[in-house]
Amino acid sequence: MRIRSAVPAVLATAALSASLLVASPASAAAHQGGLHLGYIQFDSPGSDNRSNSSLNAEWVNIHNNSGSAVQLKGYKLKDNTGYTYTFGSYKIGSGKTVKVRTGKGTNASGVRYWGRGSYVWNNTSDKARLIKPSGSLKDSCSWTNSDPGYKSCH
């Protein structure tokens, strides 16, 4: 009797597992190619004292997972408040990542500086948006205070 009643539960578990396996590659495939938000350090480690080093410890990675370079000129990075970083001419290579730091610094390959004197990303909840030059949303990533100060978006 116990075996017979356990069979439907086992079959239901197997069906659920199979549906999850089918769904997982589809959701992963959405981030297989193209430009997307990667890792975000929204709460700089240590005390928030507005020093440039603390501001630069707050950053967003944008990853190009496409098969070719992408020109980021005109792309925007925005938060819920409306703070906006607009890329100048910058080409991100295939398989490469560019880090946008909040504070001031000298732009170099793989890193851009927002040049702000105050924090952008809210530590308790916020949403980073990558906006195409056309104004349409390319990608977004949100977090809450249950996240540990950083978020892996994909």
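Mentor: Contact here means heavy atoms within 4.5 Å. Keep in mind that this is a predicted model.

Trainee: Which residues is Ile 62 in contact with, leaving aside its neighbours within four places in sequence?

Mentor: There are several, among them Leu 35, His 36, Leu 37, Phe 87 and Ile 92. Lys 96, Thr 97, Val 98, Val 100 and Leu 130 complete the list.

Trainee: What makes Ile 62 stand out in the largest nonpolar core?

Mentor: That core has 24 residues. Ile 62 is one of those that touch the most other members, along with Leu 37, Leu 72, Phe 87 and Trp 121. A core residue must be buried, which means under 20% relative accessible area, and joined through side-chain atoms within 4.5 Å.

Trainee: Which strands supply at least two residues of this core?

Mentor: They are E1, E2 (59–64), E7 (97–101), E9 (125–131) and E10. E1 gives the most, with three residues.

Trainee: How many aromatic pairs does the structure hold?

Mentor: Seven.

Trainee: Why is the pair of Phe 42 and Trp 143 called stacked?

Mentor: Check two values. Ring centres must lie within 6.5 Å to pair, and planes under 30 degrees apart count as stacked. Here the centres are 4.7 Å apart and the planes are at 10°, so the pair is stacked.

Trainee: What makes this pair a tie between parts of the chain?

Mentor: Phe 42 is in the loop between strand E1 (35–41) and helix H2 (52–56). Trp 143 is in strand E10 (residues 137–144). The pair therefore ties together parts that are 101 residues apart in sequence.

Trainee: Are Phe 42 and Trp 143 buried or exposed?

Mentor: Both are buried. Ring pairs also link them with Tyr 85, Phe 87, Trp 114 and Trp 121 into a cluster.

Trainee: How do you know that Lys 99 lies over the face of Trp 59?

Mentor: NZ of Lys must be within 6 Å of the ring centre and within 35 degrees of the ring normal. Lys 99 is at 3.8 Å from the ring centre of Trp 59, and it lies over the face. The charged end of Arg 116 likewise sits over the ring of Tyr 83, 4.1 Å from its centre.

Trainee: Where does pLDDT stay under 50?

Mentor: Over residues 1–32. The model has five contacts beyond four places in sequence for that stretch. Where pLDDT is low, the predicted coordinates should not be read in detail. The chain averages a pLDDT of 84, and 79% of the residues score at least 70.

How values were computed
Residues numbered from 1 in each chain as written. Predicted model: local features only at pLDDT ≥ 70, side-chain atom pairs only at ≥ 80, totals over all residues. Heavy atoms only, no water. pLDDT = per-residue confidence, 0-100. Phe/Tyr/Trp six-rings, centres within 6.5 Å; stacked < 30°, edge-to-face > 60°. Helix = DSSP H or I, 4+ residues; strand = E, 2+ residues; numbered from the N terminus. Buried < 20%, exposed > 50% of the residue type's maximum accessible area, 1.4 Å probe, protein only.
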